[in-house]
Amino acid sequence: MPNSKNIKLKDAIAIGIGGMVGGGIFAVLGLAVSLAKGGTPVAFLFAGIIALFTAYAYAKLSLKYPDRGGTVRFINEGFGKGVFSGGINNVLWVSYIIMLSLYASAFGSYGPELFSATGDKTLDTHIYITFVVLLATVINYYSLKVVGKIESAAVFIKLFILLAFIGLGIYGLFGNENISQLNPSNWEAPLQLLAGGMVIFVAYEGFELIANAVPDMDNPEKTVTKAYFISVGFVVLLYILIAMITVGSLNFDAIAKAKDYVLAEASKPLIGQIGFTVMTVAALISTFSAINATLYGGSRVSYELAEDDELPHEFTFQLWNKPVGLLITVVLTLLIANFVNLESISTSGSAGFLLIFAIVNYTAFKKAEILNANKIITLLGAILCSVAFVVLIVQQFNENRMGVLISLGIIILCFIGEYIFKKTKNPS
């Protein structure tokens, strides 16, 4: 991380892009195709539009309330430090854990394609999941400087490989018979496309990390808004192109078969086994770096919530010179990643962040006058996130009931836990 007041526009854009293009696209692309079929690029566009509306609210709030707490600060500014804001902020912490589980699951899916440890793919997946989470934990305890260096290098490597994939892929689409799969006749119904976009919304959530860096940004009045919109706009375009190339390169049966490592499989028609191997390596680097960075972010959120009396004060305790929340985050990540399926993890993560972003957009709407924000844009952002949350829950209730029950259960438990904590702390 650059020195104080030394985060330039390009650094802030890198933070936003790095936060979004972490493990998300590698984890959820196959899932998106299974839900939206030929309309997968449209599903990514739907999710991207919601991200752009929310980026507007984040830009306005970041300028008014520059704070390393980012989202936590915005919610507290909007609703005070009560049960509601505490419950939502607890959902944020759990959503970080779910994102970690998503990245670890993706690492576990791609890893055995490169090297099998036991010959049993299911067992190999669990071995890779556990290994990468524990390795990232050791690095986080060892040095945050190493975490930063890994993330900086990974952003460059994964973007280079993904842009090369797009360049080769656009060329490879000419003459590929599977390009017809992109025809509107192969799209799912509009509501299903929207639901598909919402299940994979987790692939966009990382732009909110820019908010945490605003206090250290150089000339924020000129750079903050640009950082949000350039990073989100770039990633929306990147994801749409990746989705188009994947659907146009492989038939739906092949995509379904390689659902958990589809980006690597989509590289095969372009440059054969070398492409498969290179993309698998890119996925492993991306998901590992995302786990590294998110582990720190997740433990930091739990520490700040404890400081704000929204979690027990014990979360501020240090264990081996790091917040105890780091160890709790690791244990919960290992449990979720090893025992919950990828679609349920993705649904839970998307539901959590859509709810949080609806609240952040509404906060910007409430404070539009002092933020110098457009009330219509912020209100639309809140409505879009809320509608997307409902569509996701309703559609997935039929397709993936367990994922919905887990999502709603997490949200309800966060609020009940906060209510009990506040009542215990202040019995009067």
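Student: Which helix gives the most to the nonpolar patch?

Tutor: α17 does, with 5 residues. This is a predicted model, where local features need pLDDT of at least 70, side-chain atom pairs count only at pLDDT 80 or more, and totals for chains, interfaces and linings use all residues. Residues are numbered from 1 along each chain as its sequence is written, and side-chain values use heavy atoms, with hydrogens and water left out. Helices are DSSP runs (H or I, at least four residues), numbered from the N terminus.

Student: Which residues form the patch?

Tutor: V83, L408, I412, I416, Y419 and I420. Together they have about 510 Å² of accessible area. That area comes from the Shrake-Rupley method with a 1.4 Å probe. A patch takes residues with over 30% relative accessible area and no salt bridge, and nonpolar side chains (Val, Leu, Ile, Met, Phe, Trp, Tyr) are joined within 5 Å. A salt bridge is a side-chain nitrogen of Lys or Arg within 4 Å of a carboxyl oxygen of Asp or Glu.

Student: Where is I420 found, then?

Tutor: In helix α17. I420 is partly exposed, with a relative accessible area of 47%. Partly exposed lies between buried (under 20%) and exposed (over 50%).

Student: New topic. How many cavities of 30 Å³ or more are there?

Tutor: The structure holds 2. A cavity is a set of points on a 1 Å grid where a 1.4 Å probe fits but cannot get out, and lining residues have an atom within 4 Å of a point. A volume is the space filled by probe spheres set on the points.

Student: What lines the largest cavity?

Tutor: The lining includes V91, V94, S348 and I410. α5 (83–114), α14 (342–366) and α17 (401–425) each give two or more residues to that lining. α5 gives the most, with 4 residues. The space is about 40 Å³.

Student: And by class?

Tutor: The largest cavity's lining has 6 nonpolar, 4 polar and no charged residues. Asp, Glu, Lys and Arg count as charged; Ala, Val, Leu, Ile, Met, Phe, Trp, Tyr, Cys and Pro as nonpolar; the others, Gly among them, as polar.

Student: What about the second largest pocket? How much space lies there?

Tutor: About 360 Å³. Of its 18 lining residues, the closest to the centre are S105, S109, T125, D260 and L342. A pocket is an open set with protein on both sides within 12 Å along at least five of seven lines.

Student: Which helix supplies the largest share of that lining?

Tutor: α6, with 5 residues.

Methods: Patch = residues over 30% accessible without salt bridge, like charges linked within 9 Å, V, L, I, M, F, W, Y side chains within 5 Å. Buried < 20%, exposed > 50% of the residue type's maximum accessible area, 1.4 Å probe, protein only.
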